Structure formats: structure tokens, C-alpha cells
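User: I have a model open and want to go through it piece by piece. Can we begin with how the helices pack?

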Amino acid sequence: IDESYLLFFIALFFGTLVGLVVKFFLDKRWIFNYKNKSLKLQTRKFFHYSLMGVFSTSVFWVTETLFWLVWKNDFMREIGALLGLSVGYYVKYKLDKYFVFK
């Protein structure tokens, strides 16, 4: 496997992991103004939040990856990332509002 492919997928994985944790706390506080009553409830909310993120993250990953594979160009990969992130975040907001932070 070409080293650039490996580095790309490592960066994709770690960027997604860090983004998930940070975004959960920011969304909970600033978007949904949700206050937890217990650590158990917060853990359950984070689990549901993560599940909702599977679909939106897939949209982001697939769009970014397709743009990179088609054009093999960092600029176009970033365009794909912006497009995928925009669509993914919109879908994630709707899912979180309905299923996680009711």
C-alpha cells in the first residue's frame, strides 16, 4: 500500500475520534443547552450521539475520499471534505435533535 493512503486513513480516524468527543460537549452545551443529571445519563447520551454520528461521518468520509480518489489532489479533497462535512453536520443536527437531546 502506498504510504500516502495509510497516512490519509490514519489522519481520518484520529481526526474523527477527537472531533466526536469535542463536538459532543460543545453541542450538548451550546446547541441543545442540555444539562445532565448523572454520569450514567451522560454516558448513555454520548453512546446515542455516537450512533447518530455513524451515518453523518460516513457521508463525510465517503465524500472526502471520493474527491481525493477522483482528482488525487489535496485541494479537491478539501472541497470534498467541506461538502461532506456540511451535509453530514446538517443530518447529524436533525438526528441529534430528534433522538439524543429531546
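Analyst: This is a predicted model. The axes of helix α1 (residues 3-31) and helix α2 (residues 39-71) come within 10 Å, and they cross at roughly 145°.

User: Why give both an angle and a distance?

Analyst: Because two packed helices are described by the angle between their axes and the distance between the axes.

User: Is the crossing of α1 and α2 left-handed or right-handed?

Analyst: The α1 and α2 crossing is right-handed.

User: Which residues meet there, between α1 and α2?

Analyst: From α1, the residues include Phe8, Leu12, Leu20 and Phe24. Among those they meet in α2 are Phe46, Tyr49, Phe60 and Trp61.

User: Different topic. Which residues form the nonpolar patch on the surface?

Analyst: Leu6, Leu7, Ile10, Phe13, Phe14 and Leu17 form that patch. Together they have about 590 Å² of accessible area.

User: Take Phe13. Which helix is it in, and why does it count as partly exposed?

Analyst: Phe13 is in α1. Its relative accessibility is 45%, so Phe13 counts as partly exposed; that class lies between the cut-offs of 20% and 50%.

User: And the whole chain? How many helices and strands?

Analyst: The chain has 3 helices and 0 strands, in the order α-α-α along the sequence. Its C-alpha trace spans about 50 × 25 × 20 Å along the principal axes.

User: How much of the chain counts as buried?

Analyst: 32% of its 102 residues. The accessible surface of the chain is about 7300 Å², and 72% of that belongs to carbon and sulfur atoms.

Notes
Residues are numbered from 1 along each chain as its sequence is written. This is a predicted model: local features need pLDDT of at least 70, side-chain atom pairs count only at pLDDT 80 or more; totals for chains, interfaces and linings use all residues. Side-chain values use heavy atoms; hydrogens and water are left out. Patches are made of residues with over 30% relative accessible area and no salt bridge: like charges are joined within 9 Å, nonpolar side chains (Val, Leu, Ile, Met, Phe, Trp, Tyr) within 5 Å. Accessible areas come from the Shrake-Rupley method with a 1.4 Å probe; for residues, only the protein chains shown count as cover. A salt bridge is a side-chain nitrogen of Lys or Arg within 4 Å of a carboxyl oxygen of Asp or Glu. Helices (H or I, at least four residues) and strands (E, at least two) are DSSP runs, numbered from the N terminus. Buried means under 20% relative accessible area, exposed over 50%, partly exposed in between (1.4 Å probe, protein chains only). Axes are lines fitted to C-alpha atoms, for helices over the stretch in contact, and angles run from 0 to 180 degrees between N-to-C directions. A crossing is left-handed if the near helix is turned anticlockwise from the far one by less than a right angle, and right-handed if clockwise. Contact means heavy atoms within 4.5 Å.
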